[in-house]
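The following exercises are to be worked with the sequence and the model in view. Each task is followed by a solution in steps.

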Amino acid sequence: ACANSGNTGRARHWYDKMRRDRVSPNEKTFGKLVEAAAMKGDIATAEEWLKVMDQENEVSEVAVCAMIHACAQARRSDKAEQWLKHFETKGQPVPLEAYG
C-alpha cells in the first residue's frame, strides 16, 4: 500500500519496524521501498534504498525498473542513463521494461 501511494515515510516506518523486530528485509521489501520513492519521483530516496539493497541483497529486476521509473517521474533522463550504465557495468540484468 505504501509503494502504490508513494508514501515513503510510511514505507520507512515499516522497514524500521521490521529491523526492530529482527525481521530481515528481502528483495521484495527493498523493491517496494524503491517503488514508493519512484511513485513520487523522489530519486534521492530511491537511490538510498537501492544502495542499501545492493549491500544486503541482490538488486531485483523490480527495483531496477522502479529506479528508472523514479528518474522518469522526475524527468531526469541523465540519472536514468547513469543507473542503466551502473547496472550493466555490474552485470546486473536490466529488464527490457526499464527501457520502455
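**Exercises with solutions**

C71 counts as buried, at 0% relative accessibility; buried means under 20% relative accessible area, exposed over 50%, and partly exposed in between, for a 1.4 Å probe and protein chains only. The model is predicted, so local features need pLDDT of at least 70 and side-chain atom pairs count only at pLDDT 80 or more, while totals for chains, interfaces and linings use all residues. Residues are numbered from 1 along each chain as its sequence is written, and side-chain values use heavy atoms, with hydrogens and water left out.

**Exercise 1. Cysteines**

Task: State how many disulfides a search of the whole structure finds, and describe the place and exposure of C65.

Step 1. The criterion for a disulfide is a pair of cysteine sulfur atoms within 2.5 Å. The search of the whole structure finds zero disulfides.

Step 2. C65 lies in helix 5; helices (H or I, at least four residues) and strands (E, at least two) are DSSP runs, numbered from the N terminus. With a relative accessible area of 22%, C65 is partly exposed.

Step 3. C65 and E35 are 30 residues apart along the chain, and their C-alpha atoms are separated by 8.7 Å.

**Exercise 2. Helix 2**

Step 1. T8, A11 and Y15 are buried in helix 2.

**Exercise 3. Positive phi angles**

Task: Give the phi values of R22 and R75, and locate each residue.

Step 1. Most residues other than glycine have a negative phi.

Step 2. R22 is not a glycine, yet its phi is positive, at about 60°. R22 lies in the loop between helix 2 (8-20) and helix 3 (27-40). Its relative accessible area of 78% makes R22 exposed.

Step 3. R75 is likewise a residue other than glycine with a positive phi, near 55°. R75 belongs to the loop between helix 5 (61-73) and helix 6 (77-90), and R75 is exposed, with a relative accessible area of 76%.

**Exercise 4. Salt bridges**

Task: State the count of salt bridges, and examine the pairs E48 and R12, K17 and D21, and E35 and K32.

Step 1. A salt bridge is a side-chain nitrogen of Lys or Arg within 4 Å of a carboxyl oxygen of Asp or Glu. By this rule the structure has six salt bridges.

Step 2. One of them joins the side chains of E48 and R12, at 2.6 Å from N to O. This pair links distant parts of the chain, with E48 in helix 4 (residues 43-56) and R12 in helix 2, 36 residues apart. E48 is partly exposed at 34% relative accessibility, and R12 is partly exposed at 32%.

Step 3. K17 and D21 meet through their side chains in a salt bridge of 2.8 Å, N to O. K17 is partly exposed at 29% relative accessibility, as is D21 at 45%.

Step 4. E35 forms a salt bridge with K32, and the closest N and O atoms are 3.5 Å apart. E35 and K32 are separated by about one helical turn, because they are three residues apart in helix 3. K32 is partly exposed, with a relative accessible area of 43%.

**Exercise 5. The nonpolar core**

Task: Which residues have the most contacts inside the largest nonpolar core, and which helix gives the most to this core?

Step 1. A nonpolar core is a set of buried Ala, Val, Leu, Ile, Met, Phe, Trp, Tyr and Cys residues joined through side-chain atoms within 4.5 Å. In soluble globular proteins, nonpolar side chains tend to be buried together.

Step 2. The largest nonpolar core has 27 residues, and those with the most contacts inside it are F30, V34, L50, V59, M67, W83 and F87. Helix 2, helix 3, helix 4, helix 5 and helix 6 are the elements that give two or more residues to this core. Helix 5 gives the most, with seven residues.

Step 3. M67 is in helix 5 and counts as buried, at 0% relative accessibility. Contact means heavy atoms within 4.5 Å. Not counting residues up to four places away in sequence, M67 touches V34, I43, A46, E47, L50 and W83.

Step 4. With the same exclusion of residues up to four places away in sequence, W83 touches E47, L50, M67, I68 and C71.
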